[in-house]
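Have a look at the structure first.

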Amino acid sequence: MTMTIQRNAVGKPARLSNPVAVDIVKLNKWFGSFHVLRDIDLRVMGGERIVICGPSGSGKSTMIRCINRLEEHQSGRIVVDGVELTNDLKKVDEVRREVGMVFQHFNLFPHLTVLENCTLAPIWVRKMPKQQAEEIALHYLERVKIPEQANKYPGQLSGGQQQRVAIARALCMSPKIMLFDEPTSALDPEMVKEVLDTMVSLAEDGMTMLCVTHEMGFAREVANRIVFMDEGQIVESNAPEAFFNHPEHARTKLFLSQILR
Amino acid sequence: MTMAEGDLAVTEFRFVQSQYLTAQPPPARMTGALAWVRANLLSTPFNIALTVVVLALVVWILYGVIGFLLVDAVWTGSDRTACLMSTVHHEVGACWPFVKDRLAYFTYGSYPIPQRWRVDLFFALLAVGVGWLLWLRAPRRDLGMVYFFIVLPVVSFILLHGFAAIGLPVVDTVLWGGVLVTIVLASVGIVVSLPIGIVLALGRRSRMPIVRFSSSVFIEFVRGVPLITVLFMASVMLPLFVPQQYEPDKLLRAMIGIALFASAYMAEVVRAGLQAIPKGQYEGAMAVGLNYPLMMRFIILPQALRVTIPNIVNTYIGLFKDTSLVTIIGIFDLLNTVEVSRVDPKWATPVTSTTGYAVAAMFYLVFCYGMSRYARATEARLRQGDKR
């Protein structure tokens with residue numbers, strides 16, 4: 001009986017309550033007097049896989065960090081699965097529970113074991129019994145192919161392994177949406193593939209994903225839409241095929257010519 | 001000719017490793033006690049000179065200390081005549097009969113003799129509590145926390161102060177003294193200052209201006225005033241403002257003064273630790289859905305306190321020794337009991353003061369060094385997690 005419940009809990013990604021996963025309308029944000037996000041409009045449907053790219057300083061990280069309110073916006077609306085992000089901390093907590101995030105520098109908790117990293121939030125935020133949380137954590141660690149590291153500390157793992165733990169940690173909260181903020185940029189070249197493989201398999205399960213990344217191979221293979229940002233705005237957005245083969249905006253063409261040689 | 005050049009190029013650049021090299025042990029010169037001595041004590045002429053000078057200094061100090069405390073010391077006697085040069089006919093060292101005679105006073109102060117078992121029991125209960133908390137593999141450390149932070153303070157108060165209803169006569173704190181007062185003041189300061197310090201530190205980093213402002217004002221005010229001033233204010237100025245019947249106990253006032261003083265220092269120590277935590281830890285915690293209290297409790301504070309253990313213990317050691325300042329407001333802590341005893345005509349000799357102070361010094365040294373050692377062990381244990 002409990003087994004079937006757990007199967008459901010750890011199989012496919014948690015269902016969204018709305019067809020629209022993330023709705024960003026006229027989003028503006030300033031760092032001091034610097035206008036970092038300018039009139040961003042982006043609607044992400046459930047199950048979409050969106051890759052956001054652009055030169056550094058274009059505001060792509062800031063934009064996805066607004067989606068779980070690691071950054072506050074000053075005007076516009078962000079609605080995540082029907083919940084609008086405002087100053088209401090309850091709403092913010094509600095959104096963060098349902099949105100997983102993977103960072104460039106992993107941000108694992110160095111004083112906790114890999115297993116504890118994965119079970120802390122389910123136990124204390126989801127009020128899950130410890131044993132069940134550990135079973136689920138081991139399931140996801142197996143899925144990212146490092147169950148044997150469960151009792152080690154993050155500092156004992158390689159960068160690629162740490163990033164896979166970070167993905168497992170996010171998945172343990174059974175998120176409806178996953179945000180990736182340059183997940184492979186801090187990794188040694190030999191470790192990029194193992195992380196990308198994990199992300200591909202996640203996409204195959206139907207997870208709604210927003211990825212800021214420079215991995216154009218991954219974008220081509222996995223994304224159903226590519227969003228190109230520059231100077232705080234969305235300059236061009238298109239399906240990968242069209243985006244790579246027939247870029248329209250001059251800035252997009254320049255960017256692609258720089259990175260695809 | 002062109003062919004020869006081509007051959008040269010090939011032989012110069014072409015390289016394929018035929019077999020991987022295996023790791024070898026280091027050369028013998030790098031290991032062993034003799035190598036250590038040579039590398040660390042006798043490596044250069046300056047180093048040799050330094051070694052000789054320091055060794056000579058150590059021998060000289062040990063000679064003096066051992067001579068005074070053991071070799072020339074007087075071990076038996078019943079009053080000051082035992083410790084006079086005219087009696088022993090050589091240079092007089094420590095006067096131990098004085099310490100033996102006064103040991104009970106050093107320990108309990110003027111606590112009534114028939115009631116001193118209560119102080120002994122308090123010491124025992126405290127030792128159990130400290131042991132329970134500090135011994136990491138002790139069973140039920142959660143109960144230990146409850147015992148130490150809730151049961152022990154209440155029981156200790158009833159035990160030491162008295163509670164007529166259950167047949168324990170009240171002993172006024174004026175009679176408390178010696179090690180008892182030092183330990184009570186230090187434990188209250190140690191137990192109270194960390195939680196208050198954490199709250200103040202978090203307050204000072206709060207996003208709410210009022211909270212931040214009041215925390216800053218408290219910390220800066222208390223840190224900007226000498227502890228002696230705080231104690232004087234507590235003992236001399238407070239009675240001017242409060243009607244006599246509501247005036248709190250003198251020892252209690254000193255206790256509060258010391259605890260608040262230590263809290264302000266602790267707040268700055270904890271704040272430094274909080275500042276050392278990278279922003280990514282906050283973001284990681286928030287991103288998995290932890291709210292502020294959970295994030296602080298499980299992610300930020302454990303890491304911040306770990307990096308500040310040396311400073312926390314440093315503050316504790318300072319606090320432990322600062323309790324001796326209550327002497328000046330007429331509370332009989334260990335140092336004050338020594339101070340009173342050394343001028344007692346029954347024992348007044350040229351060596352009595354030195355002996356008394358040596359005892360006090362050893363007492364403080366044992367406790368402070370103990371804290372320091374425990375902190376080092378804790379650091380080493382916690383560092384295990386960060387090991388690569």
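This is a predicted model: local features need pLDDT of at least 70, side-chain atom pairs count only at pLDDT 80 or more; totals for chains, interfaces and linings use all residues.

## Helix α6 against helix α8 in chain B

At roughly what angle do the axes of helix α6 (residues 116-134) of chain B and α8(B) cross? They cross at roughly 35 degrees and come within 11 Å. Axes here are lines fitted to C-alpha atoms, for helices over the stretch in contact, with angles from 0 to 180 degrees between N-to-C directions. The helices are DSSP runs (H or I, at least four residues), numbered from the N terminus.

α6(B) passes α8(B) in a left-handed crossing (near helix turned anticlockwise from the far one by less than a right angle; clockwise is right-handed). On the α6(B) side, the contact (heavy atoms within 4.5 Å) uses B:Val119, B:Phe122, B:Phe123 and B:Leu126.

## Helix α8 against helix α11

Helix α8 (residues 179-204) of chain B also packs on helix α11 (residues 250-275) of chain B, at about 40 degrees with axes 5 Å apart. The crossing of α8(B) and α11(B) is right-handed.

## Where chains A and B meet

The contact draws 27 residues from chain A and 24 residues from chain B. The rule finds 2 salt bridges across the interface (side-chain nitrogen of Lys or Arg within 4 Å of a carboxyl oxygen of Asp or Glu). A:Arg65 and B:Glu283 meet in a salt bridge at 2.5 Å, N to O.

Side-chain values use heavy atoms, leaving out hydrogens and water, residues are numbered from 1 along each chain as its sequence is written, and chains are lettered from A and ligands numbered from 1 in the order in which they are written.

How values were computed: Helices (H or I, at least four residues) and strands (E, at least two) are DSSP runs, numbered from the N terminus.
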